[in-house]
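Colleague: I am new to this structure. Please take one part of it and go through it closely, with the cut-offs behind each term.

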Amino acid sequence: MQRVPQRTRRHRKRGRLILLIIIILAAFIGIHHFTSLDARLKSSWNKVVYTSSDRVSIAVYSPKSHKTYQSTNAPNHKFHTASTVKVSILAGILAKQHAPLTSTQEALAKAMIEQSDNDATTELFTKYLGGKAGLQATFDKFGMKDSVASQTWGLTTTTPADQIKLLNNIFYSSKILTSQDRTLIRSMMSNVESDQAWGISAGSKHYAIKNGWLSYGSDNWIVNSIGYVKNDNGTDYTIAIYTDNNDSMVTGQQTIEQLARVTKPLMK
C-alpha cells in the first residue's frame, strides 16, 4: 500500500484547520452582526424610552436579518390603536372578500388611510368588515395574538410587534393578501396628507405611514405611528411606535420622531 508523504499529510491537516477557522469566523461574524445591531438599536432607543415619563414601545423589522427588534418601558402593556387600526381594517376587508375593492369601497378606503376620515372608517368597519368580530378575525388571520378588537374601533388594543406582523404582510410577502391588495395599501399609505406625515417618517424621504392620535381617559394623549421606511442606499424596514400617557399630542410626536431618527442610520 502506497504511503502518503508526511508533507502531504501536513498540508491536508493545515487545510482542514484553515477551513475550520473560516467556518468559526463566519459563524461568529453572523452572530456578532445580529447582536451588535440589536445592542446598537437598544442603546439608542433606551436613551429615549427610559428617560420618558410616557409609556413607549417600539418594534422594527429588518428584512436583512429577518429579525424584529424591540424596546419598551411598559412590558405587557397593550396600547390603544387610535387611527393606526385603519390599516388593519383595510387589510381585513381585502382578505375577507378575496376580490378587489369596489369603486365605493376604494373611495372610502382612500379617505380612511390618506385623510384619516373617521366616518369613512366607521362605514368600512361596520358594513364591509363586520365590526368587532370581523376585526378580531383579521387579527387572527395575520397571527396578531396580542391584538384585541373593540366595537369602538379606535379603542382596539395592540402591540408594536403585532403591527409589524401586519406591516410585513403588506410590504414584504403574504399568503393572505394578493399582490394587488398589497400594492393598493402601500400606495395609500405612501400618499397620506402632508399634515399627517409626521412620526416614523422623521428624517426620511421614502416612506409609507399611518398615524393615530387620541385623547382618552387615564391614557391622556395616545400617539402612535406605523409604517415602512426605505433608506437612500436601498435598505428598508418596517417600524411601529406606540405611546400613551403623553401630556399632549406634541409630546407623543416628539418621542416618536426621536426614535425614528435614531433608528434610521442604524438600519443602513
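Modeller: Strand S5 (residues 206-215) runs antiparallel to strand S6 (residues 221-230), and the two pair over 10 bridges. Two strands count as paired if DSSP finds at least two bridges between them; strands (E, at least two residues) and helices (H or I, at least four) are DSSP runs, numbered from the N terminus. This is a predicted model in which local features need pLDDT of at least 70 and side-chain atom pairs count only at pLDDT 80 or more, while totals for chains, interfaces and linings use all residues. Residues are numbered from 1 along each chain as its sequence is written, and side-chain values use heavy atoms, with hydrogens and water left out.

S5 and S6 form a hairpin with five residues between them. In the turn, Gly 217 has a positive phi of about 50 degrees. Ser 215 stands opposite Trp 221 in S6.

Next come the rings. The structure holds five aromatic pairs, meaning rings of Phe, Tyr and Trp (its six-membered ring) with centres within 6.5 Å; planes under 30 degrees apart are stacked, over 60 edge-to-face, and the rest tilted. The pair of Tyr 61 and Tyr 172 is tilted because the planes stand at 55 degrees, with the ring centres 5.7 Å apart. Tyr 61 lies in strand S1 (residues 55-62) and Tyr 172 in the loop between helix H6 (160-171) and helix H7 (179-189), 111 residues apart. Tyr 61 is buried at 14% relative accessibility, whereas Tyr 172 is partly exposed at 22%; buried means under 20% relative accessible area, exposed over 50%, and partly exposed in between (1.4 Å probe, protein chains only). Ring pairs link Tyr 61 and Tyr 172 with Phe 171 and Tyr 228 in a cluster.
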